[in-house]
Amino acid sequence: FSTKRPGRGLGLAVVASFVRSHGAALHVRSSPGAGSTFSLFLRPTDEAVVQAREPAIRRFEGRALVIDDDALVLRTTTRLLSALGFTCVGVTTGAEALARFREDATGWTIVISDLLMPGVDGATTVDQLRALNPKQPALFVSGYSAGHGAEPDVRTGFISKPFTAEALTAEPARLVPHAVVQGIATR
């Protein structure tokens, strides 16, 4: 079930992808009018529990163009990137992104785009932006675990939704290391 337009729901696809990637199983029991029960089965492990290390916090400088058709994801992503030091401009369509990019095609440090959007998708949008600036670094985000055609390279990265703050800092640090102004561990 999805509240979005046809073909836009990702909830169970994302869950199924996470379950498969962790070697787990998911059982769904559903009855009309009674609701659904989801049971997640994780495989046992003999590995010792590893204490989570505190992530390195990075600070950036530069401009980020953020493209996502989901207003909540767009707002959350731009707020997080702003807190990390980027000056952000958020748009909801590829056409808006192209218009903003044309204002200063070489002035963007990074473009962060949802991969699958209605109308012009993220990959096509980034191709259009790179027609204006071939060296433009871009980070794709998607609810699917696979890149769907977005192959990571020296100017292109990919992270899966939902992403952590650490993931949202690691890929930009790889793509635009010149924009990292601080990288420290927190206490």
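The following dialogue explains how to read selected features of this predicted model.

Q: Which conventions apply to the numbering and to the confidence of the model?
A: Residues are numbered from 1 along each chain as its sequence is written, and side-chain values use heavy atoms, with hydrogens and water left out. The model is predicted: local features need pLDDT of at least 70, side-chain atom pairs count only at pLDDT 80 or more, and totals for chains, interfaces and linings use all residues.

Q: How many helices and strands does the protein have, and in what order do the elements run?
A: Helices (H or I, at least four residues) and strands (E, at least two) are DSSP runs, numbered from the N terminus. Here the protein has five helices and nine strands. From the N terminus on, their order is α-β-β-β-β-α-β-α-β-α-β-β-α-β.

Q: What share of the residues is buried?
A: Buried means under 20% relative accessible area, exposed over 50%, and partly exposed in between (1.4 Å probe, protein chains only). Of the 187 residues in the protein, 33% are buried. Accessible areas come from the Shrake-Rupley method with a 1.4 Å probe; for residues, only the protein chains shown count as cover. The protein exposes about 11200 Å², of which carbon and sulfur atoms supply 56%.

Q: Which strands pair with E4, and in what sense?
A: Two strands pair if DSSP finds at least two bridges between them. E4 pairs with strand E5 (residues 87–91) in the parallel sense over five bridges, and leucine 65 stands opposite valine 89 in E5. The chain crosses from E4 through H2 to E5 in a right-handed β-α-β crossover; right-handed means that, with the strands pointing away from the viewer, the path from the first strand over the helix to the second runs clockwise. E4 and E6 also run parallel, joined by four bridges, with valine 66 opposite isoleucine 112 in E6.

Q: Why is E4 described as largely enclosed by the rest of the structure?
A: In general, the side chains of a regular strand alternate between the two faces of the sheet. In E4, four of the five residues are buried, so the strand is largely enclosed by the rest of the structure.

Q: How many salt bridges does the whole structure contain?
A: A salt bridge is a side-chain nitrogen of Lys or Arg within 4 Å of a carboxyl oxygen of Asp or Glu. A search of the whole structure finds five. One of them joins aspartate 68 to lysine 161, with the closest N and O atoms 3.0 Å apart. This pair links distant parts of the chain, 93 residues apart: aspartate 68 is in the loop between strand E4 (63–67) and helix H2 (71–83), and lysine 161 is in the loop between strand E8 (156–160) and helix H5 (165–175).

Q: Which residues make the nonpolar surface patch?
A: Patches are made of residues with over 30% relative accessible area and no salt bridge; like charges are joined within 9 Å, and nonpolar side chains (Val, Leu, Ile, Met, Phe, Trp, Tyr) within 5 Å. Leu12, Val15, Leu26, Val28, Phe38, Leu40 and Leu42 make a nonpolar patch of about 640 Å². Helix H1 (11–21), strand E1 (25–31) and strand E2 (35–41) each supply at least two of its residues. Leucine 42 is found in the loop between E2 and strand E3 (56–60) and is exposed, at 64% relative accessible area.

Q: Which residues does threonine 109 touch?
A: Contact means heavy atoms within 4.5 Å. Not counting residues up to four places away in sequence, threonine 109 touches Glu61, Gly62, Arg63, Phe86, Gln136, Pro137, Val176, His178 and Ala179. Threonine 109 lies in the loop between helix H3 (94–102) and E6, and is buried at 13% relative accessible area.
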